[in-house]
Amino acid sequence: MSVETTPRTSSAPVPHRWRNLFTLTGSTAIDSTEQSAISTIFPTIASALGLNSGHLGIMTAAGKIASAPAGPAWTWLAARTSRKFVLVTTSLAGGAFGVAAGFSHEFWMLLVLNTLMAASLVGGSPVANAFIMDCFEDRRRGQAMSVLYGFAAAIGSFTGPLLGLFTQLDDGWRIGLFTMGVIAITAGLAQWVLIRDPGIGASEPELGDLDQTKRGAERADLTSILSLFRVPTFSIMMVSRMLSGHLLITVFGVTFLVDERGFDNATASLVLVPFGLGYLAGIFGGGALLARLDDVLPHRGRVWYIQAAQVLFAVAALIGTQSEATSIWYYATFWALMGACQGMNPPVNRPIISSVISPHQRGQAMAIFITVFETLAWAAFSLGAGQLAEVLSIEGVFFWVLGVLMIVNALVLGLLHRTYPRDCVRMVGLLNAQRDRAMQRRANTGVDD
């Protein structure tokens, strides 16, 4: 029997991929909004419980520190049970802790419940990212990420101001937390009913037509995790994540406008709308642009793109946060620009990682990227900025973190021009070798997969 040795360059679309994507988009939006709810309404919480910006930094850092080991742990559980089980469970648990946080009567109770909520919800993100990568081929992944994070941001941009409206009521922050918790629980139930797992490697042209048993299972052991760092592109992306200072704007942005620019909480929250709309424009525009760049500048186009996103964000942040104005719409303009530049990242960073990592390791790769390195960056920036703000002011912190550090990040990403094309070629070779082995076994046994 002849053995197929010609590399495959395309595969049939994965069934249910759009339903999976839109279901996960809704749940991601809800989970993300619940995680950011504390930051959005913190000035009111601070007034009710006698807190300051340092407490916000501690709460954000604690949630992120707890999320670092929780992300890989949830991903490990997904490999041992099922990805659908983990997606549903994280939403249900996160919603329950969110509701409980609304009953807090002192800082330590709020801190513990917010940390547990963060550790629960974080598990859904890396699993969902790996799940979607198995639903869409490499060329379509930027667009899929645009849908996932774009619509999630659009939903979040409107729920943020709605949460701000709760602050005008007596104990309105409690009602806001109750509401978000219940919605997260509902999202978990929707995932249980609607999503269908296509299996590991379903979207890869080299593996998609093979039976799931021939594609292999997800790897989730320590040796597999450590091997990820032997891929130069992956290591560079992890360093870049630790330098991603733009994460800080979503933590301290509203508090900055209240404490240092004199707006009330509800008015300051209005900038979340243009920020979200800018994010939406950046993420959808970026997804479309990347598809063209992949044709014109294969591999290298993605690198130029991600570098530009960091530089443009730094410019918008320096102008928008280092000058004073009396109109909230002045700040709204620059929040929109920062949102657009930040939105340019998800369509490119996830596909970059996915194209150099085996489908069997993507779950752990996403867990390391999103819940370890991103989480540690959030924790370091939030805790450090919260303390430094007491000395330098939030404006001073923004200058160094949102401006200077983002320029440094762009320079570090320039190393990808050397490593990324080489790592992409290596991964295609590995997938073709896996396919050849599977086809050889088929020829030897005479049994079709």
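This briefing describes salt bridges, a pair of helices and a surface patch in one protein structure. The model is predicted, so local features need pLDDT of at least 70 and side-chain atom pairs count only at pLDDT 80 or more, while totals for chains, interfaces and linings use all residues. Residues are numbered from 1 along each chain as its sequence is written, and side-chain values use heavy atoms, with hydrogens and water left out.

**Salt bridges**

- A search of the whole structure finds nine salt bridges, where a salt bridge is a side-chain nitrogen of Lys or Arg within 4 Å of a carboxyl oxygen of Asp or Glu.
- One of them joins Glu137 to Arg17, with the closest N and O atoms 3.2 Å apart; the pair links distant parts of the chain, since Glu137 is in the loop between α5 (124-133) and α6 (138-166) and Arg17 is in helix α1 (residues 17-49), 120 residues apart.
- Glu137 is partly exposed, with a relative accessible area of 27%, whereas Arg17 is buried at 10% (buried means under 20% relative accessible area, exposed over 50%, and partly exposed in between, with a 1.4 Å probe and protein chains only).
- Arg83 and Asp134 also meet through their side chains in a salt bridge, at 2.9 Å from N to O; Arg83 lies in helix α3 (residues 83-101) and Asp134 in the loop between α5 and α6, so this pair ties together parts that are 51 residues apart in sequence.
- Arg83 is buried, with a relative accessible area of 5%, and Asp134 is buried as well, with 1%.
- Arg83, Asp134, Asp197 and Arg362 are linked in a network of salt bridges.

**Two helices**

- The axes of helix α14 (residues 300-321) and helix α16 (residues 346-354) come within 10 Å and cross at roughly 140°.
- That angle makes α14 oblique to α16, because angles under 35 degrees count as roughly parallel, over 145 as roughly antiparallel, 65 to 115 as roughly perpendicular and the rest as oblique.
- Helices here are DSSP runs (H or I, at least four residues), numbered from the N terminus.

**Surface and interior**

- Leu388, Val391, Leu392, Phe399, Trp400, Val404 and Val408 make a nonpolar surface patch of about 650 Å², built from residues with over 30% relative accessible area and no salt bridge, whose nonpolar side chains (Val, Leu, Ile, Met, Phe, Trp, Tyr) are joined within 5 Å.
- Val408, found in helix α17 (residues 362-413), is partly exposed, with a relative accessible area of 36%.
- Ile328, placed in helix α15 (residues 328-343), counts as buried at 8% relative accessibility.

Note on methods. Patch = residues over 30% accessible without salt bridge, like charges linked within 9 Å, V, L, I, M, F, W, Y side chains within 5 Å. Areas by Shrake-Rupley, 256 points an atom, 1.4 Å probe, with all protein chains shown as cover. Axes fitted to C-alpha atoms, helices over the stretch in contact; angles between N-to-C directions.
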